[in-house]
Amino acid sequence: VSGGVALKLRDVVEAAAGEATTAGKPAIACSGDETSCARAFIDKFAARAFRRPVTTDERDKLLAVYTSGKTNYGGHAGGIRLVMEAALQSPSFLYMSELGTATATKGRRKLTEYELASKISFFLRDSVPDDELWAAAASGKLATDTGVAAEVDRLLAKPEVKANVTKM
């Protein structure tokens, strides 16, 4: 990524995060302990942005970002804003992972269920996996050809997917 592209990305991400964390927005809603709310937000937001569950190390680092934002940029909303900015500028968001896992056949790899869900979704929807496809990846349903076929059929039945795959 060139310097100019990185600067433009930063500007876009800062504007989007700023809009998403204004008073009354769902991203900053919290009833209870703000750190617990931040942890829950990270688990959901970063996982969807990264198109896979976050690791413990990633969560801890994003919680440190939240703490810095909370301290330096206006309380809970500032912390959530900084988490959003960090997640949306991270390589895990910017680049699609297709590393997979090793198989019994030497030198062969198989996409993880989250990688497969992303591949299906971007092909059919031009977007991240919807809630049902995400749940299918999380539950292990995409581990079988039958599970993959069921999700592809479900998506192809949606009018917006039909329009997307038939447009010229």
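How do the residues of the lining of the largest pocket divide into nonpolar, polar and charged? In this predicted model, whose residues are numbered from 1 along each chain as its sequence is written, local features need pLDDT of at least 70 and side-chain atom pairs count only at pLDDT 80 or more, while totals for chains, interfaces and linings use all residues. Side-chain values use heavy atoms, with hydrogens and water left out.

The lining of the largest pocket divides into five nonpolar, four polar and three charged residues. Here Ala, Val, Leu, Ile, Met, Phe, Trp, Tyr, Cys and Pro count as nonpolar, Asp, Glu, Lys and Arg as charged, and the others, Gly among them, as polar. A pocket is an open set of points, on a 1 Å grid over the protein atoms alone, where a 1.4 Å probe fits, with protein on both sides within 12 Å along at least five of seven lines; lining residues have an atom within 4 Å of a point. The largest pocket holds about 200 Å³ of space, the volume being that filled by probe spheres set on the points. Its lining includes Phe 50, Arg 51, Arg 52, Tyr 95, Met 96 and Thr 112. At least two lining residues come from each of α5 (91–94) and α6 (113–125), and α6 gives the most, with three. Helices are DSSP runs (H or I, at least four residues), numbered from the N terminus.

The whole structure contains 15 salt bridges, each defined as a side-chain nitrogen of Lys or Arg within 4 Å of a carboxyl oxygen of Asp or Glu. Relative accessible area, computed with a 1.4 Å probe on protein chains only, classes a residue as buried (under 20%), exposed (over 50%) or partly exposed (in between).

Arg 10 and Asp 11 form a salt bridge, with 3.1 Å between the closest N and O atoms. Asp 11 is partly exposed at 38%, and Arg 10 is partly exposed at 33%.

In helix α4 (residues 75–88), Arg 81 and Glu 85 are four residues apart, about one helical turn, and their side chains form a salt bridge with an N to O distance of 3.0 Å. Glu 85 is buried at 10%, whereas Arg 81 is partly exposed at 32%.

A further salt bridge links Glu 151 to Arg 154, with the closest N and O atoms 2.8 Å apart. Glu 151 is buried at 11%, and Arg 154 is partly exposed at 22%. Both lie in helix α8 (residues 145–156), three residues and about one helical turn apart. Through salt bridges that share partners, Glu 151 and Arg 154 belong to one network with Asp 130, Glu 132, Lys 158 and Glu 160.
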